[in-house]
Structures are given as structure tokens and as C-alpha cells.
Amino acid sequence: MNESETALWWARIRAAGPQRVAPSSAFPAGMLRLVEPDVTAVWLLTVVPEGARPSVLEELGLPALAVEQPNDTARVLAACLRCCWAEPTGSMWPGTPASRQQVAAVFEEITNRDEVASHRALLAAIRRLAGAGWLLWDEPGQTVRLGPRVAAWGSADLSALRELLRMLPSAANIGHGDPETRR
């Protein structure tokens, strides 16, 4: 891959986030290549050094996560992690699909809101997270899966996320028994 092709790939990633391409596509150094479970496509995203501070993102020309309604968005991401990260001791990517209802059950449990307000906040946050590559949202099928950006989290991030997951209710156990047994 020559310099101009490499520069073009970096510009695409900076402008639009993770790129979904054919498995046979060439890619430049510094990109993480994530294969879809059905092997029909791969995702390309930048590899950010472990422990990198926001200044590194700025240096690489990558956007920091800045979203509307950051609290709801973080809670929806946590609910999606709880529902889609099938085996928290293993790899997060690609995760397993979860229905919007499963994610909604966890989100409602952690926010303690009425269903109408919760539904509106949930869908808005899912769309924001999908637009940024943190989630893959199949709107017609009403399912969500972890997006390619989660694969870039380092070991320290994963350790903290595993602890968070331990504290979140499971969609399968919501509404069943003592709150302490839901974990």
C-alpha cells in the first residue's frame, strides 16, 4: 500500500469512523481488522495505544466521544454490553445479538423510569451509538450487537467493564426474585 492510499484510509476513518469493507481489501498499518462472524465483511478501525490520553486522539486526528445526553448514552451502552457480551471472560467482539426488548429491560431497571420516557431515550442512544460505531443496530429486526469500536478497548478498560457487568442486572433475571440474585 502506497502513501496516498494509506493517507486516504486514515482520512476515511477520521471522517466516518470504522469502515466496513470486503474481506480481501488491503489496509494500512495501524489499523485493526475485525472479521464479521459470517466472514462476509471486515471492519477497519485505528489502533489507539493502551492508556492513551485524549491528546493522543487529537494528535491522530480522531474524534473523542462527545455525544448528546451522555448519561443516557452511557447507560444504554452498559445495557447493550450486559446483553451482548456473552462471555465476559472472553473477547467482547463480535458479541451476540440482543433484542431491543432485552436491552430495554436492563436499561429500565438501571434508570427506574417509566416505559415511555425510557423507550424514547433508549432508541435515541442506540442510534447515536450505532452512528459512531459502538453498536450495530438492525432497526427492522429490532436487534443490537456490539460495534467494531468496542474491540479497541484495552485490557484496563475490559477489567473495569467486567466489574461493571457484574453489578448490572441480567435481562433474563429482571423481575425474578431478590435483586441480589439478579447479578
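Guide: Helices (H or I, at least four residues) and strands (E, at least two) are DSSP runs, numbered from the N terminus. Two strands pair if DSSP finds at least two bridges between them. This is a predicted model, where local features need pLDDT of at least 70 and side-chain atom pairs count only at pLDDT 80 or more, while totals for chains, interfaces and linings use all residues. Residues are numbered from 1 along each chain as its sequence is written, and side-chain values use heavy atoms, with hydrogens and water left out.

Visitor: OK, what is the strand order in the open sheet with S1 in it?
Guide: The order is S1-S3-S2, three strands with antiparallel pairing. S1 (19–21) and S2 (31–35) each have a single partner strand, so one side of each is left without a neighbour in the sheet. On average, neighbouring strands here are turned by 30° against each other, direction ignored; the axes behind that angle are lines fitted to C-alpha atoms, for helices over the stretch in contact, and angles run from 0 to 180 degrees between N-to-C directions.

Visitor: How many bridges are there between S2 and S3?
Guide: Five bridges, with S3 covering residues 42–46. Valine 35 stands opposite valine 42, and arginine 33 stands opposite leucine 44. On the S1 side, three bridges make the antiparallel pairing with S3, and valine 21 stands opposite valine 42.

Visitor: And the hairpin of S2 and S3, which residue takes a positive phi there?
Guide: Valine 39, with phi near 60°; the hairpin has six residues between the strands.

Visitor: Is S3 buried or exposed?
Guide: Five of its five residues are buried, so S3 is largely enclosed by the rest of the structure. Buried means under 20% relative accessible area, exposed over 50%, and partly exposed in between (1.4 Å probe, protein chains only). Val42, Leu44 and Thr46 point one way, with Trp43 and Leu45 pointing the other way. In a regular strand the side chains alternate between the two faces of the sheet.

Visitor: Which residues of H1 are buried?
Guide: Trp9, Trp10 and Ile13. Seen down the axis of H1, they fall within an arc of 95°, so they line one face of the helix; the arc is that of the directions from the helix axis to the C-beta atoms. Their cover includes S1, S2 and S3, judged by contact, meaning heavy atoms within 4.5 Å. Ser4, Ala15 and Ala16, on the other side of H1, are exposed. Glycine 17 follows H1 and has a positive phi, near 80°.

Visitor: What comes just after H4?
Guide: Asparagine 112, with a positive phi of about 60°. At 71% relative accessibility, asparagine 112 counts as exposed.

Visitor: What about S4, S5 and S6, in what order do they sit?
Guide: They form an open antiparallel sheet ordered S4-S6-S5, with S4 and S5 as the edge strands. Four bridges join S5 to S6, and aspartate 138 stands opposite threonine 143. Glutamine 142, in the loop between S5 and S6, has a positive phi near 55°.

Visitor: Last one: which peptide bond is cis?
Guide: The one from tryptophan 93 to proline 94, with omega near 5°. Proline 94 is in the loop between H3 and S4.
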